[in-house]
Amino acid sequence: GLPESIIAAACARSGQRVLHVDSRNYYGGNWASFSFSGLLSWIKENQQKTDLSDECEDWRKLILENEEAIPLSSKDKTIQHVEDFCFGDQDSAEGVEEAGALPKLPMFSTPAAEGVSPGSEKESPAAEGISAGSGKESPAAEEISAGSGKERDGAGTAPGSAAAPSTASGESALEPAKMEAAPSESAAQEPKKITYSQIVREGRRFNIDLVSKLLYSRGLLIDLLIKSNVSRYAEFKNATRVLAFREGKVEQVPCSRADVFNSRQLTMVEKRMLMKFLTFCLDYEQHPEEYQDYENRTFAQFLQTRKLTPSLQHFILHSIAMVSETESSTLDGLQATKKFLQCLGRYGNTPFLFPLYGQGEIPQCFCRLCAVFGGIYCLRHAVCCLVLDRASGRCKAIVDHFGQRISANYFIVEDSYLSESTCTNVCYRQISRAVLITDQSVLNTDSEQQVSILTVPPLELGKAAVCVIELCSSTMTCMKDTYLVHLTCPSTKTAREDLEPVVQKLFNLNTEKETENEELEKPRVLWAVYFNMRDSSGVEKSSYAGLPSNVFVCSGPDSALGNDCAVKEAETIFREMFPTEEFCPPPPNPEDIIYDEDEIEPEEAGLSNSPETKPESSAEESSSGGGAAVTKEEL
């Protein structure tokens, strides 16, 4: 998952020896992205609720008299109520295979283990680091710099990371997003007929995220990507528009100053009202007299006192602040509005970025940084238990499914690996998720290549607002002439019960030829999946029974739009372990590294893990115990 991957990268970067194991056969955990066939395999696994691994039955014999074992769970119980639906002719896809599917291979694999130190992997000098995945072939591959190609196997192995312009540079990191962009000749054109067999055949064009998020352009994750230089392992596309759902229609929300004054939806009076209110929100702390009487009221009630028309109140509440109408306080709304406005203009006309090839790229980027600095990765490698020393009360080792003991000083474990006995006192929330493949956008314009975010207000009392993110093919997450739509909200019932009413409002689910004119205007759903995901964010460590002080628990994805929770959690855990170390400092520039010839010779004689180790990796190995290289700053 994302928090564990960030911690692994930070630890490896500070000179620690890191072993990162996962019982699954793909990177990212519940933050992963899948090809279409990979997602179908994931759906089947979760519907059957199979064990993550074959447990070693003899591990209890390895526990000594002065030790105690905390068993870990062998089943992933974070996903529930998985239901998938095909709204086309599913039988026509029988026997159809995914184009270009490759044999399933583990990443960083060797015959001896399901993972190995990336230091032993040879790679071309053009690569910017050791890929956390294999290359991906796509029409755009020729436009991506060498060493960044990607391949995705048919069984859902998460994709690798492509080298890209750093978001740290003053330039926009969004240009690669134009690779497939081809504006339609007419927005009114009838969408092409897409069959289920085409989706299966083009399955590798899909990169379908389990968790749907966007990156705030001035959020904690973007800051960390730039600071650590991990941004060079990924590419991003700017979200192009913010939408609103009002009176049964989808409308575009003017965000920037230019959008406001160019908008045809707003009257001149409304434009002045909106600009005046947004200007106030940018420095609302300087004017407490404006809101202090409403601090104990909801943001919606505060907006009603600001001489704003109903449509402006709707836009601000649901599309700019994106807060609850009944639960969010005035201060919550003002803070959210200010954050939205501060993120405008850094990379485009909206505050959001989306990583090409899916959100699952981000954990892999940090895995790659960890690998460059000597981290060892093992997939399909389950852990049976934690071994505690009775005398000190600390965890001293783990026992894996091979019956092998591995000792360490610190242990970071994702919540889903803990057994029910450890989580007895934990109260979890749930997230309702839906993923749709559709044939056209929820709001057609001259350009087909739009990345849109839409908040649908609660359709009835007691329900939560639904966040809808629509992705086009230029995000490298779906095939041409289709859109990938993610729906997310906090759960009240099963995912299908929570989200299907919204899907019916926005899309045409009718597969019959005879449909009403109103339904014909809506995008047609070709395929859909609903599932509930556990939200373990915000759980205090004290809620877990019997965990020693050197075992840290990471939460899974939360229901928020951004990634701030994961970044804060990762930094908090890292600082608890290493309070004097810097969190994810930038790696040294290759030109700043000075090599000691006496130390290089024995490396070339075979003492090093890799004769082609990159300068970055060499510098870290030396700083953690070799002394082969120093930077100019250190001199």
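A: Let us start with Y544, which counts as buried because its relative accessibility is 6%; buried means under 20% relative accessible area, exposed over 50%, and partly exposed in between, with a 1.4 Å probe and protein chains only. This is a predicted model, in which local features need pLDDT of at least 70 and side-chain atom pairs count only at pLDDT 80 or more, while totals for chains, interfaces and linings use all residues. Residues are numbered from 1 along each chain as its sequence is written, and side-chain values use heavy atoms, with hydrogens and water left out.

Q: Where is Y544 placed, and which residues does Y544 touch?

A: Y544 lies in the loop between β21 (525-535) and β22 (551-554). Helices (H or I, at least four residues) and strands (E, at least two) are DSSP runs, numbered from the N terminus. A contact means heavy atoms within 4.5 Å. Leaving aside residues up to four places away in sequence, Y544 touches D415, L418, T422, C423, V426, Y428, V539 and V553. The C-alpha atoms of Y544 and S419 are separated by 10.0 Å, although these residues are 125 apart along the chain.

Q: How is a pair of packed helices described?

A: Two packed helices are described by the angle between their axes and the distance between the axes. Here the axes of α1 (residues 2-13) and α10 (residues 361-372) come within 8 Å and cross at roughly 20 degrees. That angle makes α1 roughly parallel to α10, as angles under 35 degrees count as roughly parallel, over 145 as roughly antiparallel, 65 to 115 as roughly perpendicular and the rest as oblique. Axes are lines fitted to C-alpha atoms, for helices over the stretch in contact, and angles run from 0 to 180 degrees between N-to-C directions.

Q: Which residues make the contact between α1 and α10?

A: From α1 come L2, S5, I6, A8, A9 and A12, and from α10 come I362, P363, F366, C367, L369 and C370.

Q: Is helix α8 enclosed or open, and why?

A: Helix α8 (residues 310-320) is largely enclosed by the rest of the structure, because 10 of its 11 residues are buried. Among them are F315, I316 and L317. The cover over the buried residues includes β9 (241-246), α6 (268-282) and α9 (330-343). After α8 comes M322, with a positive phi near 55 degrees.

Q: How many helices and strands does the whole chain have?

A: The chain has 15 helices and 24 strands, and 55% of its 635 residues count as buried.
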